Amino acid sequence: MRTLTTLALAALLPCVAQAQQESLSPYQWAQAQKVAFEKSEKVYAEALKRTGLLAQYRAMRDAYRSDNNRAFRIVFGQYLSWYQSFVGDYVGAHDSYSIRQLPGSDDAPSPLAGGYTPTPALEAIAALAKGRKAVFFNEAHNVPLTRTLTVELLQKLREDGYDTFAAETIYASDADLQKRGYPTDKSGFYTMEPICAEMVRTAIKLGYKIVAYESEKEGNGDVREYDQAKNLYERVFKANPDARLVVNAGYAHIQENGKYLGGRSMAQHFRRLSGIDPLTVEQTMLIEHPPGTENHPYYHAVVDSLHPKKPIVFEDGKGTPWTLKPKAYDVSVFFPVDEIRDDRPTWADLDGLRFPYFVNGSVCQNEFPCLVEARYADEGEGAIPADRLVLDPVKGAERLQDRLSMGQAVVHGILYLRPGRYRVTASDDANRPISKVDVTIGADGKVARRGSEPRPSCYTGMTQPHGESAAAPCEQGA
């Protein structure tokens, strides 16, 4: 099981370039980062002592807000961004941590320069994966947008014969994951985020064998990369040479050439061990970056001219895909510009697989902030929910009573849910239950049935898109 420090160290190396912005020497910047890591670990350890995800997230958020030191914000911003993604604050997660995507000398010419045609990524990648033994997707861990296409592709790949799925930080210690059918907080680290959990849950339902390949050895860099590759080879292909593998990993773990963390990447080690050349799909470089960071110049050149509504790739007349880094990856994905609705990106609908379900702040019964979670009705209380969000009206005023007296405590949000039956719950920052309602989402996205409502005349706070509700709020415990 990897520690949070190890994961942060691996992903934060690109931030060394920030030293130039701080007018620090490389040594001074390294020392500033070391101090920031030490503080970050202390803050994180203290946050974990809190009961419940909401309280842990709030402790980390408050620590971040209280310290404007640049090194601390860069280092701890990544810790915070993971937890923001866990509680469904996808906009905040992307704003808290982002790696600049500057042009590089190893970039291919723009796909707009000629000879390439834009193609929906879903169909193109499924076609490119045909006949391969393995396909590796990468992701930005705090940007679940980069998981959405993989979730959608799982069915197409399964239909083509892929039968094994592996994702970074799934823990081998959760021996019951496959049988149980869904992840819990003991299943992995990134699977705490609902879309990542949905990726694993979807793979299980489609019949994939789930393989944990995370390194459990001490050490980072090449030690971790080699051990991950060795685990994949031994647990998948050594046991079943005919297996076909889908891997989801972070950033440059899947690069096929070049130095990585002072050694080789997981994908490079995997190819040497297995003799298998995986299809490598790069999804982290050509996404929209938050204000204050930088997009690759190709990004807006493409999205401003083509206005894609779905992820796209480019192919030439022979079907050969375009890639930003020809030596490192087989194909690069362009994601559309984020569309935000009620503080949440609409890509959370997984390209129409999920529907918006509107919740009103009354579900919190004036216990703000509260965590709203929707779990599949046939899964246990420990299941990572299909979706979750935090409702909190206290953004401008210092005291909740001030907000209430000004009539500004009306809050609402959107959960994105597949058709099916759910338990939608609200809990406070002490992890105590506030309310619960059973909901069924119909195939057309409409709420077909509600249950667990104490009496027809009371209002649970769960609303339809047009705000239909009962007349009066329910009393807690009624």
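The model is a predicted one. The chain has 478 residues, and 56% of them count as buried. Its secondary structure comes to 14 helices and 19 strands.

As background, nonpolar side chains in soluble globular proteins tend to be buried together. In this model the largest nonpolar core has 47 residues, and the members that touch the most others are Leu 157, Phe 165 and Val 246. Which elements each supply at least two residues of this core? They are helix 7 (121–129), helix 8 (145–159) and helix 10 (194–205), together with strand 2 (134–139), strand 3 (164–167), strand 6 (279–282) and strand 14. Helix 7 gives the largest share of this core, seven residues. Apart from this core lies another one, of 34 residues, which includes Leu 232, Met 285, Trp 322 and Leu 324.

Phe 165 shows what one core member touches. Neighbours within four places in sequence aside, Phe 165 is in contact with Leu 154, Met 199, Val 200, Ala 203, Tyr 208, Lys 209, Ile 210, Val 211, Val 246 and Asn 248. Val 246 is on that list, and Val 246 was also named among the core members that touch the most others.

Now Tyr 416. This residue sits in strand 14, residues 412–417. Is Tyr 416 buried or exposed? Tyr 416 has a relative accessible area of 3%, under the 20% limit, so it counts as buried. With neighbours up to four places away left out, Tyr 416 is in contact with residues including Arg 344, Pro 345, Asp 349, Arg 354, Phe 355 and Asp 387. Gly 445 is 29 residues from Tyr 416 along the chain, and their C-alpha atoms are 10.0 Å apart.

Thr 51 is another residue to look at. It lies in the loop between helix 3 (26–47) and helix 4 (53–65). Beyond residues up to four places away in sequence, Thr 51 touches Asp 429, Ala 430 and Asn 431. From Thr 51 to Arg 432 there are 381 residues in sequence, but the C-alpha to C-alpha distance is 9.4 Å.

On to the cysteines. How many disulfides does a search of the whole structure find? The search finds one. The pair is Cys 364 and Cys 370, with sulfur atoms 1.8 Å apart. Cys 364 counts as buried because its relative accessibility is 0%. Cys 370 is likewise buried, also at 0%. Cys 196 is buried too, with a relative accessible area of 2%.

A search of the whole structure turns up one cavity of 30 Å³ or more. The largest cavity has a volume of about 50 Å³. Which residues line the largest cavity? The lining is made of Tyr 90, Val 91, His 94, Asn 142, Val 143, Pro 144, Asp 338, Pro 345 and Trp 347. Helix 6, residues 90–96, gives the most to this lining, with three residues. Pro 345 belongs to the lining, and Pro 345 is also one of the residues in contact with Tyr 416.

Note on methods:
Residues numbered from 1 in each chain as written. Predicted model: local features only at pLDDT ≥ 70, side-chain atom pairs only at ≥ 80, totals over all residues. Heavy atoms only, no water. Helix = DSSP H or I, 4+ residues; strand = E, 2+ residues; numbered from the N terminus. Buried < 20%, exposed > 50% of the residue type's maximum accessible area, 1.4 Å probe, protein only. Disulfide = S-S within 2.5 Å. Contact = heavy atoms within 4.5 Å. Core = buried A, V, L, I, M, F, W, Y, C linked by side-chain atoms within 4.5 Å. 1 Å grid on protein atoms, 1.4 Å probe; cavity = no way out; pocket = protein on both sides within 12 Å on 5 of 7 lines; lining within 4 Å. Points joined across faces, edges and corners; volume = space filled by probe spheres on them.
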